Amino acid sequence: MTFCFALALAGNISEFFSSPNRKNFHFDYPLVGKAFAMVIAMCLIIPILVYIFFCVFGINLTTKNVVGVFAVYSYSNIFFIAACLLCLIPINRVMWLGFLVFGVISILFLNLNYQRYIKEIPLTRKNFVFLFVTGFQVLAILLYKMLFF
């Protein structure tokens, strides 16, 4: 939930700093709901798709492991809080750089932690899992940046 507030707050502050007429600036309250909806949806939909992807590749997950898949994905979003802090600097290149750097860290975190679930499958299938997880994180990076900053 901290990430949702950080996303909405940083988005509004960034908009304030980049707006030419700061006296008429109004806080965008619907951005808070939008951030909550998007982060919660991403934290539910992507782990479900990862779980389905694991099942398709024959990776048997226990209930404990399924919860682990959800938890690891949720924790991977913590790196985007730092990206939100960098987005307070109203320079578009700095914002993109922040999301790029912390997005790569998030991708590495996910792939490193999902490694324990896919250790028994062949290397070619592991590469598909890594590409699948990386692709969804890149989608999340683009959505966070484009919708909030």
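Start at the N terminus and trace the chain: the elements run α-α-α-α-α-α. That comes to six helices and zero strands. Keep in mind that what you're looking at is a predicted model.

Along the principal axes, they fill a box of roughly 60 × 25 × 15 Å. Of the 149 residues in the protein, 38% are buried. Take the contacts between residues at least 6 apart in sequence: 73% of them join residues at least 24 apart.

**Stop one: two helices side by side**

Select residues 30-56, which is helix α2, and residues 123-148, which is helix α6. How far apart are their axes, and at what angle do the two helices pack? The axes are 11 Å apart and the angle is about 170 degrees. An angle over 145 degrees counts as roughly antiparallel, so that is how α2 lies relative to α6.

Next, show side chains where the two helices touch. On the α2 side, pick out residues including Leu31, Lys34, Met38, Ile46 and Phe53. Colour the contact by residue type and you get 20 nonpolar residues, no polar ones and one charged.

**Stop two: a lysine over a ring**

Stay in the contact and zoom in on Lys34 and Phe148. The charged end of Lys34 sits over the ring of Phe148, 5.8 Å from the ring's centre.

**Stop three: the rings**

Select the aromatic side chains. The structure holds 14 aromatic pairs. Phe16 and Phe17 make a tilted one, with 5.7 Å centre to centre and 55 degrees between the planes.

Now jump to Phe53 and Phe132. This pair is stacked, with 4.0 Å centre to centre and 0 degrees between the planes. Phe53 belongs to helix α2 and Phe132 to helix α6, so the pair ties together parts that are 79 residues apart in sequence. Colour by accessibility and look again: Phe53 counts as buried at 16% relative accessibility, while Phe132 counts as partly exposed at 23%. The cut-off for buried is under 20%.

**Last stop: a cluster**

Finally, select Phe3, Phe80, Phe99, Tyr144 and Phe149 together. These residues form one aromatic cluster.

Note on methods:
Residues numbered from 1 in each chain as written. Predicted model: local features only at pLDDT ≥ 70, side-chain atom pairs only at ≥ 80, totals over all residues. Heavy atoms only, no water. Axes fitted to C-alpha atoms, helices over the stretch in contact; angles between N-to-C directions. Helix = DSSP H or I, 4+ residues; strand = E, 2+ residues; numbered from the N terminus. Parallel < 35°, antiparallel > 145°, perpendicular 65-115°, else oblique. Contact = heavy atoms within 4.5 Å. Nonpolar A, V, L, I, M, F, W, Y, C, P; charged D, E, K, R; others polar. Phe/Tyr/Trp six-rings, centres within 6.5 Å; stacked < 30°, edge-to-face > 60°. Buried < 20%, exposed > 50% of the residue type's maximum accessible area, 1.4 Å probe, protein only. Lys NZ or Arg CZ within 6 Å of the ring centre and 35° of its normal.
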